[in-house]
Each structure stands twice: as C-alpha cells, then as structure tokens.
Amino acid sequence: TNSFGTSNADLPPGDPGMYQLDVTLRRGQNLAARDRGGTSDPYVKFKLGGKEVFRSKTVHKNLNPVWEEKASILIDNLREPLYIKVFDYDFGLQDDFIGSAFLDLASLELKRQTDVTLSLKDPHYPDHDLGSIFLSVLLAPGDEREATMLTRKSWKRSSKNNYDLLPSMPYRTGNFWHRISCPSKCVLMTVVFVSSNKHHGTFQTQSLRLSDLHRKSQLWRGIVSVTLIEGRELKAMDANGLSDPYVKFRLGHQKYKSKIVPKTLNPQWREQFDFHLYEERGGIIDITVWDKDVGKRDDFIGRCQVDLSTLSKEQTHKLEMPLEEGEGYLVLLVTLTASAAVTISDLSVNSLEDQKEREEILKRYSPMMMFHNISDVGFLQVKVIRAEALMAADVTGKDSFRKSDPFCVVELNNDRLLTHTVYRNLNPEWNKIFTFNIKDIHSVLEVTVYDEDRDRSADFLGKVAIPLLSIQNGEQKAYVLKNKQLTGPTKGVIYLEIDVIFNAVKASIRTLMPKEQKYIEEEDRLSKQLLLRNFIRMKHCIMALVTAVCYISSCFDWDSPPRSLAAFLLFLFVVWNFELYMIPLALLLLLAWNYFLIVSGKDNRQHDTVVEDILEDEEEEDDRDDKDSEKKGFMNRLYAIQEVCVTVQNILDEIASFGERIKNTFNWTVPFLSWLAIVALSVFTVILYFIPLRYIVLIWGINKFTKKIRNPYAIDNNELLDFLSRVPSDVQVMQYHELKQDPTHSPSKRKKNNPA
C-alpha cells in the first residue's frame, strides 16, 4: 500500500494498491455548439483503461451546463490517466463529439479535495477553443468495504447485440489487479477473486460482499407504466401538410418505439409500455416524436422529458407534455408502482423448499385469489446449476490453450438477470436461483450463455428458449444449447431446474389482453432467405385453402360416390336445421376430434422440414454476413427499395403466422390454449342457442359505442387477435422444440467410459 505522502509521483513500479477516486462533475463553461440552433445537449463520459466508468445525465440546450453529479471509481494504477470526453446528445443519431481532456491521477494529493479545471481539446483541431469542464476530486487509499459497495451510476447505450459494457471492476489473481467488464441489461456482475493461500480469508470475504452487491444491484426497485394516449396539433413535416408520427421512449438502457399513425397531426396511439426503475430517486424518461419517411431519414418533430422524481408512487398521473423544438404536445398516463418479487440467491436459499414460503406462494395464486391483482399471474423459479462441454471461445498461451469465461443471462420478456462469470472453464457451475413474477403464462424463458471478453462485446456460446407452459416442475433437465436463431444445436448443454406456479383463471383473462412489447431490438433487415421462408409459409396456408376447395369440388363432381352422397345428406340436414349456434359448435367438434386423434395415438401431423431447412439456410446466410460484411450481393442491388421489401417481408410473415396460429390452435400445439378455446366456444354456443342474435348484437354495439365514454383512455384491443398472438407459429414451434442430448458427447459419460 502506498504511504500517505503529499504526492503520488514516487509510487513504486509494482505497487498493487487500490485507490478510490471520488469525482464531482460540477459544470461546463462555454462549450462548443453542435446543433443547428447554436446550442448543444452535452453529457460527459469518464473512461479509465479504455473502459467507460461513468456517464452523466444530459443537459438539454445549454452551453454552460450544471451537473453536480458524483461518482466513485476504483483505481488500481495511478499512472493511468482518467479520460474525460464530452458529447452532444442526438436521439436516434450518432452523438457529436465536443471535446476531451485528461486528468493526471499521479499528480493528485491523497485525502485532499482538489478543484480542477480542464480545457477541452479536439485532437483534429488542437487550436479550437471548445470550452472547459470543472471538477472536484478526492483520491484516497481504497478500502475493501467501500470497494464492494460501489454501484453503477450510468448506462451505456445499446450496442448492436443489445448488450453494453459496464464500468470495469477490478479483480485480483496472486498479487496483481486486473479489470473485467460485463454485458448489461443488468447492473453489475459478481466479481470472483482468485487469491493466494496467504490472503485467502480476506479475498473470500470480499468475494462474498461483491456477491451481495451483484444480487442487489440487478434488481429493479419499481415499475414505471407509461400509456401513450395521443398527440395534439403536431408539426406538419410532409408536403401534404400532415405527418406520419411515431414516438420513441428511453429510460436508461430501456427503449420503446410506438406504432406509426399515418397522415395525421392528432394521432391516437393508445399503447402501454413498462420500464424498470433502478434508482430510488427516480429517473428521466426521454421522449422524442418523429415523422416516418420512406426512403430517407425520418424527420424530427419534437421532444419532451418526464422527471419521475417529481411524481408520487402508486398513483396514475395524466400529463400533457408540450414538445420542445417543435409544435404540439403529447398526452400520457404515468404510473409508478412498487417492484415485483424478483430475486437472486444461492442454491442454499430456496423459496419453494421452505414449507412456509411455499404455502404463501401457493396461497397467493390459489383459485380463491383469481380476481386479486389480475396482472400478477404466477411465480417462476429458475435454478441455473451448471453447464458442460461449452464451446471454447478464447485461445491463449503458447500451447493454444482453449477456454471460455462463461456467464449466463436469464430473460423473461423484458426482465433480465445474470449469473457471475466462471473464468477459464468449459464446465462452469453457477448454482444460482432466480425468481420472477409472471405477467403472461405464454411467455418464453430464454437462457443464454456468453463468454465474457475484456476488450469487446461478449461472445455468444449458446441459447435455449423454454415456453413456461411446457415446464415440468421440480425436474432437473439438461437442455442442449442452440444457435442464435434457435434452429439447430451448438456445443454444450446447460442444467436447469424450473418451477412454475400460476393461477389458471388469471392466466386465461390475461390471454385476452394485449401482449407485452419487448424493448426496441435490432431493426428488421432484408434477407433473401427470410423473404423466401415467409413466401413459402404463406404459400402453404394458401395451398391448404385450395386443397379444401378442391375437396369440396370433388364432392360436387362425384369423384367418390360414397363421399359425395354423405356430403349431400349432411348438406341437406345442416341447411334445413341451421341455427347460428352451429358455427361455434362445428369448431368445437373439430377441436374435440383432433384431441381424440392425439389421445388415441392416431395423430398424423408431420414436422415441417421445409421451414427448418429454410431457417438453417437463413442461419448460414447470417454467418456469411458476419464473416464478410463488405461483400457485394443481392442486398446492395435492392438497397433503394429495401424498406419496401422489408415491409412486404413482414406482411408475408404476419399473414403466414396468422394462418399457422389458427391451425396450431386446433392441432392442440399448446393444450392450455386449446382448452381455453373449447371453454370459449362452449359458452358462445350456449349463448347463441338460448339468446336471440339481435340481443347479442345490441349488447355488443352498446359496449362499443360507450367504451370511450366510460373509459376515455382505454387501450383498444381485439380479444380474438390477442388470443391468437399467444399461439406459436410453425417457426416458433420449431425454435422452442427441445433437442435431445447426444449421450456420446456428455462429459460425464466420457469420464465413466474412460476413467484414465
């Protein structure tokens, strides 16, 4: 440890000591203007060793911003300067560089508050005056307790893979300190200490403290529900005097995008988005409004911000937000609620093994609680135990020693948690338990294994997708890892034990409500294979209709006299005795017939090998694109009409998926949904049998006409389409299909067969 001198200039070359740097970012002065209006939206980044360790909030339209933000940074090498970079924030575009400066840490005095003024420079224009940044810094010897309690203060923007780099955290091997970074959608990774025997007790304690921090820092403290109602008197951006507006939301790393409402200045959206709130003091939601333009960059209409720290919790706030840098305003409903029961723990702490806690959970989701808190559908517990025979992503050493540094990300819709990293191991053991609240029983649990990489984004090792309704409670299973597209196996297996407890009535009611949207992901891109896949899927749906028409025509042509005679008699009977209730009754009989075929073992459904082959071709195309993104080909020739082609591609996907979902409902692909359809059709049949149609239509019309009067801000939805959105398409059925483990590739089997 460095002696407490007045300067750090004489540090010994091998000094392994840890220091804590407390920085207060005060303000900026006379910053360079980077926007057309002669202003900037500045924010500041601190970098250490090439890694971002702090990012400030954005101060809009100000060349003399005041931040007054504090950050605590662990320092393991005082000869490495702190790099300060200032940017101008441009939502949806690349941020503009304003200037940068260095802070020489070796020149700071220990345990003394120092005010620092740094002049910003641009290496390309060294003579330009870009303004100044004012800081207050305090450098002190590091303390283990303080080191373990440091938490992340800012989020870095989403990368292409939707995983960002967090501030680097130090870990120690022997007598040397190193830095690691981790992917986000979490807040912090557990840091694992590997130490010499001499200091084993100290480092073990520090590892446990960091493990506690890992658990606490990933868990969100609340949910922010934002309902986008409408826009009023927006600015016209098109030549016809109208706009095609849509809205983007951002809170930290979380991003959402609304639908596009064409040709209007008073759009009605009626969409809801949920954000996780990590900071107790709240946060700021950035909202921007854009005009969609085909074939060129979208036009900026205006922006506004919602400061969550000014809103009271457990209460819905109606906000009319005027747009800055534009015209008009947005109408929003914002509700802050307490956090759901999301936890991380070790295997020794198991909620479902504690009899008292298990009884409380079962009581919470018992049939008696069916109408209490409809959004709380169920409870999910995931034990991430270990993985075996993972892919070796890193090659190090003279002998090309192959290894990986695997960690595991567990996702349920927009809820993401992760394990610690196990270094240099192809057979890692995590032994962690994650719990989630289930908002939709038709959600899919995704478990992805990554290789942590210090200098770049994490490498993908494998993934599994498990629909919640297919889970067998309390069974430890080995899941074969799949590729990114979930179309085929990759190297390795992961051992999971999953338990699902849910209320069937709540789950059924939630099925008829709009499906939760996911964060903004990578933009849709044009793909030859994807376009071909969607075209063939749509062709299959059309051919099924053509086959049905041909079958009916063959009855008219008496190609098979017995069949035609039976069809003729059925036609006479149905037409003579037809009642409206016979339509849902016929669908009910079709569901019952298919169920009988499945139960009796006479089901002749075939696996769609065409879809699987096309998906594999698509994966190969993705691999080729990743390996050589500069190759010219089909995509470049279609660049001018790419957006139109993507739209056609997505429309084909929607139509094909719609037909496949109807088919899979009657094929009992998801028994829960098929049983729900039977209940709904039975009720509908009884209603049509006993109640005249005019009364049913009258009730339906009164409900539709008075819905907006009774609830002006209700979100429009169609119960039938919401139901079908939960039924998987053929592509999703194949992606969620569980692969069988090859026993010859199991490491445990090899050990038994070859003890040597």
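The secondary structure of the predicted model comprises 15 helices and 29 strands. Of the 756 residues in the protein, 47% are buried. When contacts between residues at least 6 apart in sequence are considered, 67% of them join residues at least 24 apart.

Two spans of the chain, residues 566–596 and 672–700, carry the annotation "transmembrane region" in an unreviewed UniProt entry. In the model, residues 566–596 are 87% helix and 0% strand, with 22 Å between the end C-alpha atoms. Residues 672–700 are 93% helix and 0% strand, and here the end C-alpha atoms are 27 Å apart.

A nonpolar patch was identified on the surface, with about 1100 Å² of accessible area together. The patch is formed by Val679, Val683, Phe684, Val686, Ile687, Tyr689, Phe690, Ile691, Tyr695, Leu698 and Ile702. Helix H11 (671–690) and helix H12 (693–710) each contribute at least two residues to the patch. H11 provides the largest share, namely seven residues. Within an α-helix there are 3.6 residues a turn, so residues three or four places apart point the same way. Ile702, one of the patch residues, is located in helix H12. The relative accessibility of Ile702 is 49%, and this residue therefore counts as partly exposed.

Helix H4 (residues 504–511) has buried residues at Lys506, Ala507, Ser508, Arg510 and Thr511. These buried residues pack against helix H3 (355–364), strand E29 (489–502), H11 and helix H13 (719–726). The N-terminal end of H4 is capped by Asn503, which places a side-chain oxygen 3.0 Å from the backbone nitrogen of Val505. H13, one of the packing partners of H4, contains the buried residues Asp722, Phe723, Leu724 and Arg726. The N-terminal end of H13 is capped by Asn718, with a side-chain oxygen of Asn718 lying 3.0 Å from the backbone nitrogen of Leu720.

Gln649 is part of helix H10 (residues 642–666). With a relative accessibility of 1%, Gln649 counts as buried. Although Gln649 and Leu530 are separated by 119 residues in sequence, their C-alpha atoms are 7.5 Å apart in space. Lys85 is found in strand E5 (residues 82–88). The relative accessible area of Lys85 is 16%, so this lysine is classed as buried, the cut-off being under 20%. Apart from neighbours within four places in sequence, the contacts of Lys85 are Tyr43, Val44, Lys45, Lys47, Phe97, Gly99 and Ser100.

The structure contains 19 salt bridges. One of them joins the side chains of Asp298 and Lys292, at 4.0 Å from N to O. Asp298 is buried, its relative accessible area being 17%. A salt bridge also forms between the side chains of Lys439 and Glu516, at 3.5 Å from N to O. Lys439 is in the loop between strand E25 (429–438) and strand E26 (444–451), whereas Glu516 is in the loop between H4 and helix H5 (528–556), so the pair ties together parts that are 77 residues apart in sequence. Lys439 counts as partly exposed, at 24% relative accessibility.

Lys463 and Glu446 form a further salt bridge, in which the closest N and O atoms are 3.4 Å apart. This pair links distant parts of the chain, with Lys463 in strand E27 (residues 459–467) and Glu446 in strand E26, 17 residues apart. Both partners fall under the 20% cut-off for burial: Lys463 is buried at a relative accessible area of 15%, and Glu446 counts as buried at 18% relative accessibility.

Key:
Residues numbered from 1 in each chain as written. Predicted model: local features only at pLDDT ≥ 70, side-chain atom pairs only at ≥ 80, totals over all residues. Heavy atoms only, no water. Patch = residues over 30% accessible without salt bridge, like charges linked within 9 Å, V, L, I, M, F, W, Y side chains within 5 Å. Areas by Shrake-Rupley, 256 points an atom, 1.4 Å probe, with all protein chains shown as cover. Helix = DSSP H or I, 4+ residues; strand = E, 2+ residues; numbered from the N terminus. Buried < 20%, exposed > 50% of the residue type's maximum accessible area, 1.4 Å probe, protein only. Contact = heavy atoms within 4.5 Å. Polar contact = N/O pair within 3.5 Å; in protein donor to acceptor, adjacent residues only side chain to side chain. UniProt positions renumbered as here; feature names shortened; annotations may be inferred.
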